[in-house]
Amino acid sequence: MPLTLSMFEGHAVNRSAAERRAATLGARRSVKKEYQAAWLVNAVRCVDLTTLAGDDTGDRVRRLCAKARQPIAPRIMEGLGLGGMDLHVGAVCVYPTMVPHAVAALEGTGIPVASVATGFPAGLMPLDLRLKEIEWAVAQGAHEIDIVITREHVLRQDWQALHDEIRAMREACGAAHMKAILATGDLQTLRNVYAASMVAMQAGADFIKTSTGKEGVNATLPVSLVMIRALRDYGAETGYRIGFKPAGGMKAAKEAIGWQVLMKEELGRDWLEPDLFRFGASSMLGDIERQLEHHVTGRYAASHRHAAS
């Protein structure tokens, strides 16, 4: 849709209220025993299993894809009474050059391959080169593209430039879903986070995402709350539902529950499905598997008993 400033300009964000609201989630909402296990199993479905390291190889990506296909060990699934369930993660996310390895490893599984692009993580490349990177990744078989925005546009509040950039990226993605990474740790204010979220959605983002995982501050509950309120406001105004992906810094299984509670409280049950919610938190999957094994056996296993993600 065209840039519509009235949807966000002049909208204040009360930082202390956002922080207070986020702090109450973990304190007021607690799930135990089989209910906790159920929330953790659901979290697995929403994980974007990711490797974005400088020493990535085809073998590492294939190993990651094997974990994506069977994220929880069969003995644990049997213990949970879910032996017949086809449980897999939401997607596998890699650099563009690793896309062909992931596509081949996941053929026939229905698990989408996501690729970062547009000069990830800083995004400080000429726009035409960033668009070519998107097109190349899509041509290699990527089903989803995680783009990064130019933070300067937000810091200067040049909303038209931001809208034009994201719209061009949306067009380059073609049929692939586009997740717009806002790098919220670089945006300075929660008002900027709200405005950037609105502009990204107006420009055609299918998801808005907190972070690259490379910033000094990544996903936090207060920032996520502001982005989720933007999602809710945008949906009320346009009738369109946009997805959300927190990423970076999440390692513990209890955080997976905290973010799901936030989605359920603010947006409803539909946002606990992978078509509208993802975690960018690969290391968290190991702790989820460990907690599920504890639920089944009553004991915590050594970390080496769980396959590396």
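Student: How many salt bridges does the structure hold?
Tutor: The structure, which is a predicted model, holds 27 salt bridges.

Student: OK, take Glu 265, which side chain does it meet in a salt bridge?
Tutor: The side chain of Glu 265 meets that of Arg 21, with a distance of 3.5 Å from N to O. Glu 265 belongs to helix α11, residues 253–267, while Arg 21 sits in helix α1, residues 15–28, so the pair ties together parts of the chain that are 244 residues apart in sequence.

Student: What about Glu 273, which residue is its salt-bridge partner?
Tutor: Glu 273 pairs with Arg 45, and the closest N and O atoms are 2.7 Å apart.

Student: How accessible are Glu 273 and Arg 45?
Tutor: Glu 273 has a relative accessibility of 24% and therefore counts as partly exposed, and Arg 45, with a relative accessible area of 23%, is partly exposed as well.

Student: Back to helix α11, where is the partner of Glu 266?
Tutor: The partner is Arg 232, with the closest N and O atoms 3.2 Å apart. Glu 266 is in helix α11 and Arg 232 is in helix α10, and the two residues, which are 34 apart, link distant parts of the chain.

Student: Why does Glu 266 count as buried?
Tutor: Glu 266 counts as buried because its relative accessibility is 7%, and the cut-off for buried is under 20%. Arg 232, on the other hand, counts as partly exposed at 38%.

Student: Which residues do shared partners join into one network?
Tutor: Salt bridges that share partners connect Asp 48, Glu 144, Asp 146, Lys 179, Lys 209, Lys 245 and Arg 278 into one network.

Student: Changing topic, where does Ser 224 lie?
Tutor: Ser 224 lies in helix α10, which covers residues 221–238. Ser 224 counts as buried, because its relative accessibility is 0%.

Student: What is Ser 224 in contact with, leaving aside neighbours within four places in sequence?
Tutor: With those neighbours set aside, Ser 224 is in contact with Thr 210, Phe 244, Pro 246, Trp 259 and Leu 262.

Note on methods
Residues numbered from 1 in each chain as written. Predicted model: local features only at pLDDT ≥ 70, side-chain atom pairs only at ≥ 80, totals over all residues. Heavy atoms only, no water. Helix = DSSP H or I, 4+ residues; strand = E, 2+ residues; numbered from the N terminus. Buried < 20%, exposed > 50% of the residue type's maximum accessible area, 1.4 Å probe, protein only. Contact = heavy atoms within 4.5 Å. Salt bridge = Lys/Arg side-chain N within 4 Å of Asp/Glu carboxyl O.
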